[in-house]
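Dear colleague,

Please find below the structure that I am handing over to you. My notes on its nonpolar cores and salt bridges follow.

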Amino acid sequence: PEDVERYTNGALGIFRLAPQDYHRFHIPVDGVMGTPKTIEGEYYTVNPMAIRSALDVYGENVRVVVPIDSVAHGRVMVICVGAMMVGSTVITRKKGETVKRAEELGYFKFGGSTLLVLFEPGVMRFDDDLVDNSNGALETLVRVGMSIGHHPQEGQYTPDMRKPDAEISEKDRADAQRRIEGSLAPDRIVGGAADLLPDALQKPPGVY
């Protein structure tokens, strides 16, 4: 409770993990680990329908609150939210350790789950593509190592920015669809791109 005022008008990132997603999570900033605190609670699902319902998923689910004190970003609060089928949240770093961005912070055991990352005002600006998608109520697929934001005095990392529509190929769309759906199925038609079909399916009927 003593830290609540720090984050008034600050920045908040919500990172939802579906059951098929990578379930280890990483240090967001260079700094020093504070004391992780576990808050007992429920194990409601964190899927988008539940978030839009009357359930207070972020306020009622079991949580582990992890403060990290950073020179560049102040106190960054990582809140690990348990959810349906998550047996436990495991923090692999200890209080007082000096940590570096991208190092492992911990992991969720099997299931869906969510991370909330809070920044104090004026120290974090989310990348333009995330802001645009959020304004349109769209989730953005984020992979380990991708840029999500930057200090306001630094420029954003442009290689991770969304491509202009004219540069997005049908293969790009198919790859994105498979990643979002968590499917390991072979390439298939997306938007009429027959060249994405496996060779066997491109042959005329009766030819094998």
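Does Glu139 count as buried or exposed? At 53% relative accessibility, Glu139 counts as exposed, where buried means under 20% relative accessible area, exposed over 50%, and partly exposed in between (1.4 Å probe, protein chains only).

Two remarks on the source come first. This is a predicted model, in which local features need pLDDT of at least 70 and side-chain atom pairs count only at pLDDT 80 or more, while totals for chains, interfaces and linings use all residues. Residues are numbered from 1 along each chain as its sequence is written, and side-chain values use heavy atoms, with hydrogens and water left out.

Salt bridges

A salt bridge is taken as a side-chain nitrogen of Lys or Arg within 4 Å of a carboxyl oxygen of Asp or Glu. By this rule there are nine salt bridges.

Glu139 pairs with Arg16 in one of them, at 2.8 Å from N to O. Glu139 belongs to the loop between α3 (128-135) and β12 (149-150), and Arg16 to strand β1, so that distant parts of the chain, 123 residues apart, are linked; helices (H or I, at least four residues) and strands (E, at least two) are DSSP runs, numbered from the N terminus. Arg16 is partly exposed, at 30% relative accessibility.

Arg93 and Glu103 form another salt bridge (2.9 Å, N to O). Arg93 sits in the loop between β7 (89-91) and β8 (98-99) and Glu103 in the loop between β8 and β9, so this pair ties together parts ten residues apart in sequence. Arg93 is buried at 19% relative accessibility, whereas Glu103 is partly exposed at 28%.

Within helix α4 (residues 170-181), Lys171 and Asp175 are four residues apart, separated by about one helical turn. Their closest N and O atoms are 3.0 Å apart. Lys171 is partly exposed at 46%, and Asp175 is buried at 16%.

Finally, a network of salt bridges links Asp3, Arg6, Asp69, Arg75 and Glu120.

Nonpolar cores

A nonpolar core is a set of buried Ala, Val, Leu, Ile, Met, Phe, Trp, Tyr and Cys residues joined through side-chain atoms within 4.5 Å. The largest has 22 residues, of which Val66, Ile68, Val78, Cys80, Leu105 and Phe119 touch the most other members. Two or more residues of this core come from each of β1 (11-17), β5 (63-70), β6 (74-81), β9 (104-108) and β10 (113-119). A second, separate core of seven residues includes Tyr7, Val65, Met77 and Leu116.

Yours sincerely
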